[in-house]
Amino acid sequence: MTRREHFQKNISLAWPVMLGQIGHVMVGLADSIMVGALGTVALAAGAFANSVFVVPMVFGIGLAFGLTTPVANADGEKKPEKARSFLKHGIYLNTSIAILIFLLLIILERFLPYMGQEPEVLATAKNYYRIISFSLVPLLTFLTFKQFAEGLSDTRVAMIISVAANLLNIGLNYLLIYGYWGLPALGLEGAGIATLISRIIMAVTMAIYVFRKPAFRIYTQGIQWGQTKWAHFKLLLDIGVPSGLQFIFEVSAFALAAVMAGWFNAESLAAHQIAISLASVSYMAASGIGAAANVRVSNQLGAGNIPAMRMAAHTNFVLMLIFMGIAGLVFFFGRNYLPTFYSEDPAVIALASKLLIVAVAFQLFDGMQVAVLAALRGLSETRIPTLIVMISYWIIAMGTSYYLGFKMELGAIGIWYGLALGLIVASCLLTWRFEIRSRQLLREHHEHQPES
């Protein structure tokens, strides 16, 4: 394939995933905008509940992402029986993990009062936290079937389901938050119920699609549900657990940043939530481009075409830089306008606009670390990247955020400076690791080529 063809293939795989991923984040975005109309306390309560919930949730998401690589490898090898087995093992594994994480979140609820939040915020967040915790079970079910389909280069239907579910969520928000059509006005709790219902529908619809699509019958018919292989569980865990930890290190850094922002006051936490909600839109779209990198790298590796694998990855990286550059420009020019969708509080809007300027600075690096991590996952290279992510976020980002925010008394913007530094370090080190590993594979590939 030529470089242009690689770009076209990356785009064709990436854009449905990008829209689908934006659909996921738009659920939270819609919640924030519609809950923001209830006041600063409700907005801060939603931000706090999500900052706690998101840490175990992203571990489950990372684990589900581990299914894509072996399925794409099997597709590249032309071995449907392997893909079929990984689907079965993925269903068993991800369902079990989802239930365990839900139970963990319920236990964790007892420790929420010790996280330094205002009493009003805690009281408002309680029921919302429980509902969104349970919504993790259908979410991981949906992701299991989505990642399987993506491993087979089928990305469009998951996008359609995600967008439709997001529209449903917005409609249910309108009815349940404010209490229209005779329904009770449930406030923040209504936003949680809307999210739960939309995620259940997503899971059921995606499962039906995978099991009924004619082209997938070679993978879904004849599954021996009673037979399992530890080797297949182990491979999914070897890829999924480090991937989940990578997500935890990054997202928990941002979650801890939210908690630290709440130590200043509710206005700082609300401004942080506004800025992070907007930045998460570009981040989730970037993760769609990263998903294309994972599929392309895994597939070419399975086919044994290492030069094409490297070109697929590099063209994906360029695509990521272009997209995140555009996103940065949108944040810069819209920094004073976009926060007004969330809040009417002048102090909150002013601080959120300053945080968005910092977000502009780290857009390129945030996108690159997403793409390179996905490409490394496609190589089943997860342990060293996990170490890099841990050091970048938990040592560099958090250490700098605390120092600048509290010791230097820069407040919430100091916290965001630290987050930006962590993203820059992660991006550079992960790119370095990908180049080392992919060049090693390229040398091995040339060594095994027969002499002409």
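Author: Helices (H or I, at least four residues) and strands (E, at least two) are DSSP runs, numbered from the N terminus. The model is predicted: local features need pLDDT of at least 70, side-chain atom pairs count only at pLDDT 80 or more, and totals for chains, interfaces and linings use all residues. Residues are numbered from 1 along each chain as its sequence is written, and side-chain values use heavy atoms, with hydrogens and water left out.

Reader: How many helices and strands does the protein have?

Author: There are 15 helices and 0 strands.

Reader: What share of the residues is buried?

Author: Buried means under 20% relative accessible area, exposed over 50%, partly exposed in between (1.4 Å probe, protein chains only). By that rule, 59% of the 452 residues are buried.

Reader: Which residues of H3 are buried?

Author: They are Thr68, Thr69, Pro70, Val71, Ala72, Asn73, Ala74 and Gly76. That is 8 of the 10 residues of H3, so the helix is largely enclosed by the rest of the structure. Contact means heavy atoms within 4.5 Å. The buried residues of H3 pack against H2, H4, H6, H10, H11 and H13.

Reader: Where is glutamate 409?

Author: Look in the loop between H14 (383–407) and H15 (412–447). Glutamate 409 has a positive phi of about 60°, although it is not a glycine. Its relative accessibility is 68%, which counts as exposed.

Reader: Where is the kink in H10 centred?

Author: The bend at a residue is the angle between axes fitted to the seven residues ending there and the seven starting there. In H10 the kink is about 25°, centred on leucine 237. Now check length: the expected span is 1.5 Å times one less than the number of residues. H10 (residues 230–264) has 35 residues and reaches 49 Å from first C-alpha to last, close to the 51 Å expected.

Reader: What links H2 to H10?

Author: Rings of Phe, Tyr and Trp (its six-membered ring) pair if their centres lie within 6.5 Å; planes under 30 degrees apart count as stacked, over 60 as edge-to-face and the rest as tilted. The structure holds 18 aromatic pairs. One of them is phenylalanine 65 with phenylalanine 247, edge-to-face, 5.5 Å centre to centre and 80° between the planes. Phenylalanine 65 is in H2 and phenylalanine 247 in H10, 182 residues apart. Phenylalanine 65 is buried at 10% relative accessibility, and phenylalanine 247 at 15%. The C-alpha atoms of isoleucine 61 and glycine 244 are also separated by 6.7 Å, at 183 residues apart along the chain.

Reader: Which residues do ring pairs link into a cluster?

Author: Tyr92, Phe145, Phe211 and Trp225. Phenylalanine 211 is partly exposed, at 33%. Tryptophan 225 is partly exposed too, at 37%.
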